[in-house]
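This report describes a sheet, the helices packed beside it and the surroundings of a ligand. The sequence and structure come first.

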Amino acid sequence: MLTMTDIKKVYRTDSIETHALRDFNLQVNEGDFVAVTGPSGSGKTTFLNIAGLLETFEEGRFELDGVDISHQNDASRSRLRNQKIGFIFQSFNLIPDLNLFDNVDVPLRYRGFNRQERKKRIENSLEMVGLAKRMKHLPAQLSGGQQQRVAIARALAGEPRFLLADEPTGNLDSNMAQSVMSLLKDINANGTTIIMVTHDAGLATQATRNIHVRDGKVSEMNESLSTKVDMPNAVATDNGPAVALVK
Ligand SMILES: Nc1ncnc2c1ncn2[C@@H]1O[C@H](COP(=O)(O)OP(=O)(O)OP(=O)(O)O)[C@@H](O)[C@H]1O
């Protein structure tokens, strides 16, 4: 569970102060899939970076799983981030010279898992996104949608409780965007809490909650029409992400 209360974030340069977040209040519950929309510059990425313990804030209170983040030093914030949070970005951020297996391995090495445990996690997470047979391929040999699925596998291999996604479909055409969205919905149905920033209103309505950010504040909050479904029969294929068998 993630709770932000009256968060204030100011960016200061020599000549200008930008109030990126002010009185930002939000509670995200375990199992939520929250889509965050709002105009450019409204503070969406700033919120996500604070939620992901990548940035600090000036005022307010932020609790992550009962831990008061404002009182943690850099080392303990990094430890919490590594344990609890996975990130995916618009630009995939894969390492071009490493094959898929080794890309997914990078954050696992930071976590200190032994070789055997890492291998198991890498194979499982690539299986989950339907790319297990492409492990030895380089990112450049994949489509954009497939590369984003590798980035999702990399984020999930550490079994994070929270998956934070900043415009994960921003570089994809609409078919690939929907395929990545379907994968995120499957992952959420399997228990991972997701917060996704998106400019795509059609994708946002598929999340279980929508929040709209304006001028550094949450201006609207809606439960989405879409509901979570259990998918005990989810399977992954080499051509696509894990999909639920329709009964
Ligand atoms: N490192 C920084 N230094 C100074 N100002 C910043 C920095 N990062 C963000 N800002 C400013 O903070 C405000 C909020 O930015 P943020 O990136 O959170 O908005 P956003 O809603 O994610 O925008 P977009 O949809 O265009 O990505 C903007 O005015 C931005 O210019």
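Strands S7 and S8 run parallel and are joined by five bridges. Helices (H or I, at least four residues) and strands (E, at least two) are DSSP runs, numbered from the N terminus. Across this pair, phenylalanine 162 stands opposite threonine 193 in S8. The model is predicted, so local features need pLDDT of at least 70 and side-chain atom pairs count only at pLDDT 80 or more, while totals for chains, interfaces and linings use all residues. Residues are numbered from 1 along each chain as its sequence is written.

S8 also runs parallel to S3, to which four bridges join it. There, valine 34 stands opposite isoleucine 195 in S8. Two strands count as paired if DSSP finds at least two bridges between them. The two strand pairs are set out below.

| Strand pair | Bridges | Direction | Opposite residues |
|---|---|---|---|
| S7 and S8 | five | parallel | phenylalanine 162 and threonine 193 |
| S3 and S8 | four | parallel | valine 34 and isoleucine 195 |

Five of the five residues of S8 are buried, so the strand is largely enclosed by the rest of the structure. A residue is buried if 20 or more other C-beta atoms lie within 10 Å of its own, exposed if 12 or fewer, and partly exposed in between, with C-beta atoms placed from the backbone. In a regular strand the side chains alternate between the two faces of the sheet. In S8, Thr193, Ile195 and Val197 point one way, and Ile194 and Met196 the other.

The open sheet holds six strands in the order S6-S7-S8-S3-S9-S10, with mixed pairing. S6 (85-89) and S10 (217-223) stand at the edges with a single partner strand each, so one side of each has no neighbour in the sheet. On average, neighbouring strands are turned by 15° against each other, direction ignored.

Helix H5 (residues 144-156) packs on the sheet, where it touches S6 and S7 (162-166), and its direction makes about 165° with that of S6. Axes are lines fitted to C-alpha atoms, for helices over the stretch in contact, and angles run from 0 to 180 degrees between N-to-C directions. H5 also packs against helix H3 (residues 100-111), at an angle of about 35° and with the axes 8 Å apart. H3 contributes Leu100, Asn103, Val104, Val106 and Pro107 to this contact, and H5 contributes Val150, Ala153 and Arg154. Contact requires C-beta atoms, placed from the backbone, within 7 Å.

Leucine 142 lies in the loop between helix H4 (115-128) and H5. Leucine 142 is partly exposed, with 18 other C-beta atoms within 10 Å. Leaving aside neighbours within four places in sequence, its contacts are Arg134, His137, Gln147 and Val150. Its C-alpha atom is separated by 9.9 Å from that of leucine 100, 42 residues apart along the chain.

Around the ligand stand Tyr11, Thr13, Thr18, Ala20, Gly38, Ser40, Gly41, Ser42, Gly43, Lys44, Thr45 and Thr46. A residue is included if its C-beta atom, placed from the backbone, lies within 6 Å of the molecule. Strand S2 (17-28) and helix H1 (44-51) each supply at least two residues of this shell, and H1 gives the most, with three.

Definitions and conventions. Contact = placed C-beta atoms within 7 Å.
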